[in-house]
Each structure stands twice: as C-alpha cells, then as structure tokens.
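Please walk through the model shown below, moving from a single residue to the sheets, helices and cores around it.

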Amino acid sequence: MDLFAVGDYYVGRIVNSQVKSGASFGTVDHESLGGIMDGSAGSPRVKVLLLDKNTTPTLSVCATQTELLEHEIYLIDTVENAERDVMRQLKCLVYVKPTDETLACLVRELQSPKYGEYHLFFNNFVSKQQLETLAEADQLEVVVKVEELFQDYQIINEHLFSLDLPRASSDLVVDTLVDESYMKQCKDSLLSLCMSLKVKPEIIRYDQESAVCKSLGKGLLQDIEKNSRSLFDFPQDPSTPPVLLLLDRFDDPLTPLLQPWTYQSMIHEYIGIKRNIVNLSKVPNIEAELETVTLSSKQDVFFHDTRYLNFGDLGDKLKEYVSTYKTTAQGANSVDTMDDIKEFIEKYPELKKLSGNVSKHMTIVGELDRQLKDLHIWELSEVEQNLTVHGDNNEDYDSTLNLLRDARLSQYYKLKLACIYMLRYDDFHPQEQNSGEIGKINEIFNILKESLTTEDINYLHKFRKFFVQRKNKALRNGTDASANRSPEKDDLLTELARKFNTKMDLHRSRLGAKRNATSDNVYMQHVPKLSQLLSDLSKNKLSETKYKYLNKSTSTPTNAPTQDVIIFIAGGVTYEESRFVDQFNEAMGNGGMRVVLGSSSIVSTHDFLNSLR
Amino acid sequence: MDTSNGSPADSAGPSKEVESMECPVCLTAFPTLQALNTHLDVDHGFGDDTGDSHMVVTDRGESSNKKKIRRAKSPPSERGTAAAHTNHRTSTWQKYRVGEKCNFCQRKLNPNTTGIANCRKCGKLYCKMHCTNIIKLNNRGKLDPVKGQWTSCCRSCFSSRPGYNDYGEVRNLTGEFTRIRRSKNEDARLRKLQLENRLVRLIDGFVKLYKLHYLVAMANKEGAGQAVLSSIKFTLDATNFEKDVTAWQDDHTVNSCTICHKQFNFLQRKHHCRLCGMVVCNSTTTKCSNGEIPVLMLRDNAADLPFKEDASLLKRGEVKMDVRLCSNCIRAVYTPRKFHQDCVAPPPKIIDKYISMCHIAKVINDTLPYFQGALAKAETQREQDAEGGTPVGGGNNGNRRTAVANSLEDIKQLAKLRERLVNSFGTYNVLTRQLLQVPPSNPSEQRIQQSIKVVSSQFVNEKILPLRAMGSVLNSNSANTTSSSSASSSLHSKSPATQLPQVKPLSSVLKRLTVKEVKQYREELMVLKEQSFIIEQAIEDSKTHRRFDEATALSRNLSELTDRSQELQGLLGEEGF
C-alpha cells in the first residue's frame, strides 16, 4: 500500500501510452481493430500533455519535469486554455478529471482537434453518458485510446494522501447540513483511492458522532455495492477484509491546534508547502534562485529521511549533511592538474545539485528557526503541550495567563492558546457560574479582551460553545474514548514517541534554546488520538459504539486480523499524524497492518482555526 | 496484535496471564489455560514457549518423543484430528537437519537460539522470527480464506497471496468508446456522403450548364446581346439546378436561422445553403454561412471527390460561380479533409530536425555499449601490461612494444568506435543548434524548442562521460607505442596536457594538416570550448556564492584551456571554424 508506487505506475501508464493495435490517425479503419500494428509507435513523436486544473496538482506531485521530458513530452498545457496552437503532427496525451467542465473543454477540443492523435486518460470513473458525449464529439476519430486510471487524490507521502478540498467555512455552525458537492467529491476521490489500491473495503466504520462521516460512508457503500460486480472484483483474500475508517477532525481538535515540531509539518506551519513547492519569497534576504523550491520526499533523499524528525534531530542531520557536502566540495576545490579538472567537470553537475539541496535546506531550517524565535513559539509550545497532557493545575494556568498577558505574543497565538485551554478544561455548565473552573475561564476572557479584537472574542465564544456541546453529547452517549479511558501501557506508539522524545533534550541545548531540562521532550508530549486508535484497531479492540460498522455482514469473521486499513479524516489531517502512521506501519513490519491515511486537506494550525470561523 | 505478529512464542506468553483467556490471534475466549494452549497449537500451529519444535519434522527421535508426551496430555478428541491433519501435511515439509538454514535470513537454524518452524503453506524451514505471519489454510495446506484455519506461514507465502501487493487498477474504455463512436458517427458518415454527392453534382452541373450556354453561344459566334441573354439564362438555370440538387427549405416556414436561431428581419436576411438546403443567416459574427465561396475553391479543397467534369474551365476562371454553404456543411465536408491533410503534411522544421536528432541519439545509444565493452577490454589489457611490463627505458622498450602490438588492434578498433561516437555527438550538437535556430512559428514551438534544448544537453552530459573516461587508456597506450599511426587514430580530446608533447612533433613534421587531423583538431577544439564554457559557468557560480578560492583555481584551469584551444586554433589556421 505504497502510494508512491501507485503514482509512479499511473504516470508510467500515461507517458508510455501507445496504441498497440487498431487504426492510427489518418487511416479510417473501422473493422480491423486488433489487426495492424501501429507503424508510428516506434518512431519519435513529440508529445503534448494536456491536464486540467484538477490533475495538474496531482501529476506535478507524482512526476518531475525531467521524467516527462524523458518521454518526449515537450509541451504541457491545460485543456481549459483555448489559445493553444494547432500542431497536428503531435500526439496528445490528455489526463483529466471527468468533471462536466472539463468534459465541455474536451468536446470542444475534439470537435476541432489541435493535435493529430489523442490518448484520453481520466483519473476517476467516467459515466456512460460522458463517454457518449465524447464519442459523439469525436467525429474525426482522433481518439485512439480511452482509459480510466484511478488517482483522484494527491499523494503527499507514502502513506498520506490529500484530496485538496479545504473544508468550507461555517461548518461549525451547521454541522448537520452537509454540502452535497463536497461530499460527492470526497466520495469519488475515496472510491478512486480504493480502486488504485485494489482494495474493496469490506468493512466501513465511521465516527458515529459525525454526520459528515455517516453520510460519506453511506454514499461510499452504495457506490461500492452498485459497482461490486464490474469494478470491485479484485483478487482478494476474504480472510483479511480491508477496513475503511471514516473519522472527523472535530473528534480530535487538539492535534491541529498545537504547534508542530517535525520538519515536514513545521514547513507546512510556518512557510507553507503546497504541491511539493515551498515558497520562500517572504524570507528576508532571500536569493533569487531560492525563492521557490521544490521539496519532494520522493526525489529528495535528505528530505525523505528528515521529514519526520523533530527540530533538534533535524539540526543534527542537517549539520551532518552540510559536512558531507563540505568534504565533497573540498575535493573539488583542489583543482590543480588537468586530471583534477577532468574529474571536477565530471562531478560538477552532481556537486551543484548537492550544493543546491544543501542551501535549500539550510535556508528553510534557518527560516524556521527565525520564526520560532520571532514568534516566541518555544515558550508558547511548552505551555500548550503542558496544557494538553497535564491535569488541571494552577502552574499551567498561571503560565497560560502570563503568556496571554505577554504583549510580544501575537493575537493569533493568544487566541489559539485560549482555545486549547477551553478544549481541555472547560466543562461549560452555565448553572455553576461560581465554580472555580468558570472563574478561570472568565479570567482568560478578561485578559483577552484587552488584546484581542471583538471578532476574535466572539469566535472564542463560538468555539467554546461548539466543542463543549460536542463533548457533553459524547459524554452522554458514553462514547468519548478519551474521557473514560486511562492511557494503556501497551500503546505502541506512545512508547515510540517517548523513546523518540528523550532524544530531544540532548539536542535542544545545541540549538541555543535554554529550557529547563525535563526527562521528556516538553514540546512533543501530546500524542494524537489517532495513535490510540491505531493500536486499538490492530488489536481489534476499537470501540464499536464510537466507531460504528456500516456494513457489518454476518459472513465477515469478526475475529479476523485487521490488515489493510484506509483512514480518512474529514476536515483535515496534520503531518504529525502522518508521522504516527508512518511509524506505525514501520513498527508493524512486513505482514502486519498496513495503514494509509488521508484527508480532505492537510491543515496547519492557521488552516484549522480559520476553517472554524 | 503487533506483538503476536512479532513472535508467536511471545504472544503465547502474555496471553496466558490475561484472565479472560483470549486467543491472541482469533480472540476466541477459552475457559482454561490448557484449552487455549491446545487451541493455539492445533488451530494456529504455534508451538509453546519452550521453543519446542513439535511442529517441525525432525529426523531425530528425541523431539518426537516429546511430541508423544505432549500429545498424551491433551484431550484425545481434539488431538486426534489435529494429528491427522498434521501427519498428512507434514509429509511434504522440508525436514530439519543440523546445519539447515532459514530460508529467509539464511542464518543457521538452531532449535535453541533461532527456533525452527515450517511454513505451513510451502513447508520450507524458517527460524521462528521469520515464520510469524498468519494466513488461513485448509487441512491440506492450501489457501482457504473462508473455511481455513489461522496458521503461521512465512513472509513470501504471506505476501504472495492474491491481491496483497496489488495496486493500480485501470479500466480500458477504448473498445466501448469506439463502439459508441461508430454507432454515433454512422449517421454523420451517411450525411457526409450525401453532402459530398450533392457537392459533386452541383459543381459538375455548373460546368455542364456553362458549356451548354456559353460555349454553344461562342461557337455560334453570336453578338453581345446574345451573350447577355445566355448569361441571364445561365443564372436562371443554375438557380433551378441548385434547387434540383437540394430541396430548398421553404422560406415562409422559417423565422429564425437554423444554426444560430436568430430571428430574421430586414437586416438579417434569409439565405439557403446549397448543400443542405436549410435557411441560414449571413451574420458576420456567428458565421452561419460565411459569404459565397468560389466553386473552384470548393473543388480544389475536395479534390479527392469523383468529379466527372474537367476542372480546366473552372481553372481558367471562365466559370465564375460562387456558392453559399452553411457552417454545418463546411464542417461536415471540409474540416475532416483539412485535418487529414494537416496530419500527413510534412512536419514543421523543428519536428523534422528533432526526428533526425532522435536517429543520431539512437546510433549513439546503440554504439555506446560496444564501445564500453571494448574500453573495458583495453583497460584490463593495460593493467596486465602494467603488471608484467618491463621498466620503460630510453630505447629499450622492445618487449613492451610487442606486448602492445597485440592490443594495438583492439585500440585501433576502440579508436574507430570512439571516432564514430565523437562524430555522432558532433552531428547531434549541430542538429541541436540548427533546431534552436529555427525561428518558432508559434509560442508552442518555442516551448518545444526549450524542452528539446534541455533534453539534448542532458543527453550529451550523460552519454559523453565514458568518452571522457577513456582518454587515459588511449593516451597511455599511444604514448607507449609512440607510433604516429595509432596516435593519430586516437582522439585525445580530453587530456590536452598529456597530449601536448605528441602534437608538437606531429605538427612540425607535417606542415599541412590532413583532413583527418583537421577533423580531429576541430573536435578537440569543440570539446575544449565546451569545457571552458562549463568552467566559466562554474566560476560565475562560485563567485556568486562567494567561494573565491574555488574561483581562482577554476580560472587557472580556464586559462590553461584557453591556451590549448588557442594553440589548436593556430594549428588549424584557415581550416578552423
């Protein structure tokens, strides 16, 4: 269940597309399909790749420009662009999402073809009607191939996908009303994911508190059952039925609110990474060539190795990397004889690539460090983490208040901190106005009133009400796993995290941040709910009241070990959670549970907080 | 679950402590510890935690004794059936002998340290650590996901299950698409045939009418008045003929244009398409009928149609007829013709050049492996020489000479190959340059040019490396032989420093350069220029990155290169570029 492999396979399928049999362009040959070999298949032919606005990001993450060039794809354009030049000697590869909009563009294209031969690839199901529309438009018979590939999602890491569908705002208010088109897109993308992994989810479970998950699950089930004969008939081992688990971001609102500390997530939080592109143009004194850099865990080995490391470990790795570079460059510096220069020329491209990569990561890490200091994240994050893991105590409360009073901390972070506090300690019993809890909350509001705008205060009220209601409802149903469950000793990933965190202290001093050393890494104490969920799932102990079965049939054995799991979090996933999934998969090793995590979007703290506004 | 997957021995351990007596694999509850143990052994094929190898077929008696003891302990009914299964299956398993290795990690198996287990599916021997996946098997050891029992198996059996590592579903709709297209296009094709027929009749008819009225009139040498009359008659007949070919739509029944549905009015007049007979407007914006088109043009653009009448009359411009066609008919009759014409038309210059580039690249790709093979051979030869070679004295290298003579043939071969390659690269470069100089006719072509530029430079960078590497082999060999024949056949483009002493005597002996030498020097010069260009870039680069020590070293090299290239240019003189 390696998504990179899936992506590579599909890209290969597109770029190597050839028509094995049948009529090539020009010869209108209806009857002898499967007869003559296409003579032009072997000869060089410049290819055009047409994408649409949906597939452009999908493909740009999967394939590099160089890869495309290697396959004679010398021209890349979008279907939407009507101003393309007519070049009928070219072969055109079309990779689009079958939306009505794109279909209209394609129909126009086929009616007056700009290129000589068309290979159509769709990244999801094409309906019969759509196919008919296209066939009708193709009067010149320029289409020689039509194929459905199933990659209607973006691949971020081996086990992480995103649909890039940021949740519409105002969901907080009307949680029960679900946007139809949003749901359809989620559903279609998830179906394409299942197809691409050749997985028929025999078990669909959903977070019973989430209306979104429920309706999404029902829609999926319906579609899968409708197509089970024709499409979902993969050779599969029925003894280990694949599981699709639908979660809601609101079930674990803490994770996306906390400041992240691993490389990939920090880049996302502080600089922003989209489609593997990091925009560094806002970094002060940036060199022109470093303004936008690409960062792909597939191509960049260093990034692949460091993306899940915390900031301290990252610093070490980077230092190592730089010194490797230096030794390599040193060798190249001593160019005295002709032989040396010969060698230098041979090595030069590689060296240049390496130096580019080094300076790229140096810049990014430098910028991260700068922001951490400027925004006072070190102080903030410590309090945040303490709030999430400690019980209610006055020490944490006082440090919270101190930070809220601190003029140096930006309004956004104050608001966020207050939100975290509410999530943790607010029980919101209006009748008990005088209890200590309420006093504390009121105090927070009082402090915030001085620094925040009324808008933000209103937002905080709204936030508080929403989540407290949720919490109370969950308590009534007795389904809140975190409330009535003590952390178990055998939680695999908590152990891992602990091991992982102890290292942090060693490095922190080197980074110049002088914290009072505790045995644990104070910045990464919080463990996302997902971690507990994964270990529960692997032990077949996942609460059935909280995560309901949608299609629990009698035939599927309940005691079957869980093997292939697709987890979808409606409303956003964090890179931190991706890290946990990655570690989990690694810990499971070969033959164990395999998890693919995905979401409608990948959220930073800003994204999450703003999505609730 | 994770730990139970990790090692069966471990999993059996902790689960015993659990009060509910749950099987760690299938989560069935058991009343007693023994029942659970039996269940684990029988149903899942796990051994107990003493590392006993009762499930391993051994040649020795001692462990089978143990087996008997264990079997005696367990409830007879369950044990009996299990034993039956086991006996049946185990007969095909790999037997354990001392020194046997694990089929996964290749470690030597030892019952005490590694543990021994047979994969229940393939029967091969593994150490316990590598036989921990579980799979459902029936009692013949075959995969049976529905009725089978959970048993342990090795990784390869586990991951070769159907659908385990499968991905990348695709659905080919080409067949369906063409089927739909055929049925949809059937009508369109018939319509096209009909329209084409009408077009042929129309144009032929005009020519006939012309012949009838004008040529006859001319033959009778009638006066001007008669000519005017015949012209009027012709027009009248032509109109009638048009209506005869195509039934015109009745004007009165139509209020709006058939294509753009605009209402007709005083300004928006009604027109008939001469092919389909429909009433269309003559709007300049919608182009429902784009004015009247000369018959000659219509005929020329559909020259493949079976026109009966000769085109000469039309060509001479005598029949001046213009015909109105609606946009639908034009699209049906002329667009496909235009499209296919474009497709078979000679490609634009860029594409043309590109195709030749591809051919050269193919030649290079095909030759390179041969060359590399020969190079490797030469290199080993040289190493042998170096090992057994006599010390190289002033005139006392006769032995060496004979040793080299054997490899001389190889080296000549090598040099020939190299020359071919260098030539190919030269042509490739020239083609690339030519391609880049072609003025692009549209932005797309420009972008294609840019792409090709990137690709070609990548190609050269990648493929030219072995050529560079081989310089040393040829050099040292040719230096040893000192015969000018082999020296001239080898192209030392890459190491001018070592070659310098050779070139000087050459040039002093031969005042005029042979064609071969000119070629050789030119190539060397080209490579030198390329090198100095790379170095210049490198200098630029290191300057911008403030690595000045690097830059100084580089500029020293650059000056050496320039010296050499100037020298070469001097040698070439008029023969230079």
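Two residues are taken to be in contact if their C-beta atoms, placed from the backbone, lie within 7 Å. In this predicted model, A:Thr328 touches A:Leu351 and A:Leu354 in that sense, once residues up to four places away in sequence are left out. The residue belongs to helix H10 of chain A, which covers residues 311-333. A further relation across the sequence is that A:Thr328 and A:Lys347, 19 residues apart along the chain, have C-alpha atoms 9.6 Å apart in space. Is A:Thr328 buried, exposed or partly exposed? Because a residue needs 20 or more other C-beta atoms within 10 Å to count as buried and has 12 or fewer if it is exposed, A:Thr328, with 16 C-beta neighbours inside 10 Å, counts as partly exposed.

Chain A contains 20 helices and 15 strands, and 46% of its 613 residues are buried. When contacts in chain A between residues at least 6 apart in sequence are considered, 80% of them join residues at least 24 apart. Chain B has 20 helices and nine strands, with 30% of its 577 residues counting as buried, and among its contacts between residues at least 6 apart in sequence, 63% join residues at least 24 apart.

How confident is the prediction, and what is the mean pLDDT of chain A? The mean is 77, and 79% of the residues of chain A reach 70 or more. Over residues 169-174 of chain A, however, the pLDDT is below 50, and this stretch has five contacts in the model beyond near neighbours in sequence. Residues 479-491 of chain A likewise stay under 50 in pLDDT, and here the model has 17 contacts beyond four places in sequence.

Six strands form an open sheet with mixed pairing, in the order S2(A)-S1(A)-S3(A)-S4(A)-S5(A)-S5(B). Its edges are strand S2 (73-78) of chain A and strand S5 (170-172) of chain B, each of which pairs on one side only, and the twist from one strand to the next averages 25°. Within this sheet, strand S1 of chain A, residues 47-51, runs parallel to S2(A) and is joined to it by five bridges; A:Lys47, for instance, has A:Ile73 as its bridge partner in S2(A).

Strand S11, residues 277-279 of chain A, pairs with S12(A) in the antiparallel sense over three bridges, and the partner of A:Asn279 in S12(A) is A:Thr292.

In chain B, strand S3 (residues 133-137) is mostly covered, with five of its five residues buried. B:Asn133, B:Ile135 and B:Leu137 point one way from S3(B), while B:Ile134 and B:Lys136 point the other way, and all are buried. Strand S4 of chain B, residues 149-153, runs antiparallel to S3(B) and is joined to it by five bridges, with B:Gln149 in S4(B) as the bridge partner of B:Leu137.

The buried residues of H6(A), among them A:Gln185, A:Leu190 and A:Met195, pack against helix H1 (3-15), strand S7 (160-162), helix H7 (211-226), strand S14 (564-570) and strand S15 (594-599) of chain A. Just after H6(A), A:Lys198 takes a positive phi of about 50°.

The nonpolar cores complete the picture. The largest has 153 residues, and those with the most contacts inside it include A:Val94, A:Leu246, A:Ile567 and A:Val595. Its largest share, eleven residues, comes from helix H13 (residues 349-388) of chain B. A second, separate core of 28 residues includes B:Leu202, B:Ile203, B:Cys257 and B:Cys276. Returning to A:Ile567, its contacts, not counting residues up to four places away in sequence, are A:Leu245, A:Leu247, A:Val595 and A:Leu597.

Notes. Residues are numbered from 1 along each chain as its sequence is written. Chains are lettered from A and ligands numbered from 1 in the order in which they are written. This is a predicted model: local features need pLDDT of at least 70, side-chain atom pairs count only at pLDDT 80 or more; totals for chains, interfaces and linings use all residues. Helices (H or I, at least four residues) and strands (E, at least two) are DSSP runs, numbered from the N terminus. Two strands pair if DSSP finds at least two bridges between them. A nonpolar core is a set of buried Ala, Val, Leu, Ile, Met, Phe, Trp, Tyr and Cys residues joined through C-beta atoms within 7 Å. pLDDT is the predictor's confidence in each residue, from 0 to 100. Axes are lines fitted to C-alpha atoms, for helices over the stretch in contact, and angles run from 0 to 180 degrees between N-to-C directions.
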